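Me: I'm new to this one. Can you walk me through it, starting with the inside?

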Amino acid sequence: MVDSARKAKRALSLAQDIVRDIEAGGHVPGDRLPREEEMLARYEVARATLREALRFLELQGVIYLQLGRSGGPVVARPQTGDFASSLSLILHFMEADLRGLLELREAIAPDVAAYAAQRATTGDLSALVACFKERECNETGSQFEELNRRFHDLLGWASGNPLFGLLTSSMHLLTREFSCSLGYSAQERAVQLRFLRRVLEAVRTGDAQAARKAMTRLVSGSASYLAERSPELVSQRIRWGQV
């Protein structure tokens, strides 16, 4: 067991070395890394250690392994789904439930909206307006819910802080399966549209306080609606593999 732990630690250390070399070499997604024999000579490790390190990096979305005679490790860029998958695994063992994610959203969404009001670019505003208009035209069914998530995702990235964007998008990936089984009433959809319109207008005019206030009303009202309509849903635990 001690020997296995030592090998795992060496593989992780090697994976970190490879990441540092990717960064130092200025590699971008699509660049090929050296072939296996070259990497074995460079890092002076056993073949099994190298392969374990590469598998770890592949699971994290840092590389992908191209098959075939001319294949090998190719640089990739970790995506939101990679983070969400790792997060869901941790939350699975923490026995976290949907209520916890809703409370997290209530805590950060108002500030995300306020930052977006201060920092959104012209491109961000155009994307938000286009998404909102599309949402107004699709007021029923799963498409409405998907556009709702997309609007909040765009708002997260418009905050100017990629951590907000990453966390917002990841939460939506974790909750997508839950929301598919819910379905908002026509009245609740109208309420959400009204407050999102206020958020959008506040972001457009750069009014951080108004954006925070409107988003606070929206997420707190949405959480109350879900708790009252589907208490059994919000108590469901997060399961790894839902992403």
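**Core, hairpin and surface**

Reply: The largest nonpolar core has 25 residues, and those with the most contacts inside it are Leu-128, Phe-151, Leu-155, Val-199, Val-203 and Met-215. Such a core is a set of buried Ala, Val, Leu, Ile, Met, Phe, Trp, Tyr and Cys residues joined through side-chain atoms within 4.5 Å. Buried means under 20% relative accessible area, exposed over 50%, partly exposed in between (1.4 Å probe, protein chains only).

This is a predicted model: local features need pLDDT of at least 70, side-chain atom pairs count only at pLDDT 80 or more, and totals for chains, interfaces and linings use all residues. Residues are numbered from 1 along each chain as its sequence is written, and side-chain values use heavy atoms, with hydrogens and water left out.

Me: Which residues does Leu-128 touch?

Reply: Not counting residues up to four places away in sequence, Leu-128 touches Phe-151, Leu-154, Leu-155, Ala-158, Leu-200 and Val-203. Contact means heavy atoms within 4.5 Å.

Me: Is Arg-135 buried or exposed?

Reply: Arg-135 is buried, with a relative accessible area of 0%. Arg-135 sits in helix H6; helices (H or I, at least four residues) and strands (E, at least two) are DSSP runs, numbered from the N terminus. Leaving aside neighbours within four places in sequence, its contacts include Phe-144, Asn-148 and Gln-192.

Me: New topic: how do S1 and S2 run?

Reply: Strand S1 (residues 63-66) and strand S2 (residues 72-75) run antiparallel, joined by four bridges; strands pair if DSSP finds at least two bridges between them. Ile-63 stands opposite Val-75 in S2.

Me: What's in the turn?

Reply: Five residues lie between S1 and S2 in this hairpin, and Gly-68 in the turn has a positive phi of about 100°.
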